[in-house]
Amino acid sequence: MDKKKNLGIIGSNVNGIASAHISAYGCLFNLRACCDINEATARQFQQTYHFDNYVTDYHKVIEDEDINIIAVCTPPTVRKEIVLPAARAGKHILVEKPFSTNLSDAEEMVRECERNNVK
């Protein structure tokens with residue numbers, strides 16, 4: 001039985017930061033779902049890196065009960081709106097740097113993770 005955790009990536013542009021991390025992610029996690037607001041981009045990422053599926057709505061990644069870990073590879077201006085509901089859903093979260101565009105948002109994201117006992 002494969003004991004690796006299931007990963008979902010939000011912000012999956014083949015030419016973006018998610019591609020820089022994918023070799024490590026693929027060794028550590030089952031590549032369950034990738035998400036991008038542009039369907040062609042999400043589909044290309046899914047096909048290139050052999051994810052099980054792709055979506056264009058990040059809420060579907062957060063709601064997927066099989067996904068344990070979410071990698072947030074979006075622009076920093078939208079990370080808070082993804083991290084907060086992901087933490088509330090009990091997902092462990094990997095966030096690309098910079099973590100946030102301001103200290104108060106970063107602190108709020110950390111508090112929400114602590115409150116929901118996720119890393």
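**Salt bridges, sheet and cores of the predicted model**

Lys80, with a relative accessibility of 25%, counts as partly exposed in this structure, which is a predicted model. The side chain of Lys80 meets that of Asp105 in a salt bridge, with a distance of 3.2 Å from N to O. Because Lys80 belongs to helix 4 and Asp105 to helix 5, this pair ties together parts of the chain that are 25 residues apart in sequence. A further set of residues, Arg32, Asp52, Asp64 and Asp66, is joined into one network by salt bridges that share partners.

In total, a search of the whole structure finds eight salt bridges. One of them links Arg32 with Asp64, the closest N and O atoms lying 3.2 Å apart. Since Arg32 is found in strand 2 and Asp64 in the loop between helix 3 and strand 4, the pair ties together parts separated by 32 residues in sequence. Arg32 and Asp64 are both buried. Another salt bridge is formed by Glu39 and Arg43, whose closest N and O atoms are 3.6 Å apart; both residues lie in helix 2 (residues 39-49), four residues apart, or about one turn of the helix. In an α-helix there are 3.6 residues a turn, so residues three or four places apart point the same way. Glu39 counts as partly exposed, with a relative accessibility of 42%, and Arg43, at 32%, also counts as partly exposed.

The strands of the model form an open sheet of five members in the order 3-2-1-4-5, with parallel pairing. At its edges stand strand 3 (53-55) and strand 5, each of which pairs on one side only, and from one strand to the next the twist averages 25°. Between strand 4 and strand 5, the parallel pairing extends over four bridges, and here Ile70 is placed opposite Ile93 in strand 5. Helix 2 lies across strand 1, strand 2 and strand 3, and runs at about 160° to strand 3.

Helix 4 (residues 79-88) contains a set of buried residues, namely Arg79, Ile82, Val83, Leu84, Ala86 and Ala87. These buried residues pack against several elements, which are strand 1 (5-10), helix 3 (58-63), strand 4 (69-72), strand 5 (92-95) and helix 5 (103-115). Just after helix 4, the backbone at Gly90 takes a positive phi of about 80°.

The largest nonpolar core has 19 residues, of which Ile10, Val61, Ile70 and Ile93 touch the most other members. At least two residues of this core are supplied by each of strand 2 (29-35), helix 3, strand 4, helix 4 and helix 5, and the largest share, five residues, comes from helix 4. Apart from this core lies another one, made of 14 residues, among them Leu7, Ile22, Cys34 and Cys73.

Aromatic side chains were examined in turn, and the structure holds three aromatic pairs. In one of them, the rings of Tyr25 and Phe29 have centres 6.2 Å apart and planes at 50°, so this pair is tilted. Tyr25 counts as buried, with a relative accessibility of 11%, and Phe29 is likewise buried, with a relative accessible area of 12%. The rings of Phe45 and Phe51 form a pair that is also tilted, because their centres are 5.6 Å apart and their planes stand at 45°. Phe45 is buried, its relative accessible area being 0%, while Phe51, at 3% relative accessibility, counts as buried too. Together with Tyr49, these two phenylalanine residues, Phe45 and Phe51, make up one aromatic cluster.

Key. Residues numbered from 1 in each chain as written. Predicted model: local features only at pLDDT ≥ 70, side-chain atom pairs only at ≥ 80, totals over all residues. Heavy atoms only, no water. Buried < 20%, exposed > 50% of the residue type's maximum accessible area, 1.4 Å probe, protein only. Contact = heavy atoms within 4.5 Å. Core = buried A, V, L, I, M, F, W, Y, C linked by side-chain atoms within 4.5 Å. Salt bridge = Lys/Arg side-chain N within 4 Å of Asp/Glu carboxyl O. Pairing = 2+ DSSP bridges. Axes fitted to C-alpha atoms, helices over the stretch in contact; angles between N-to-C directions. Phe/Tyr/Trp six-rings, centres within 6.5 Å; stacked < 30°, edge-to-face > 60°.
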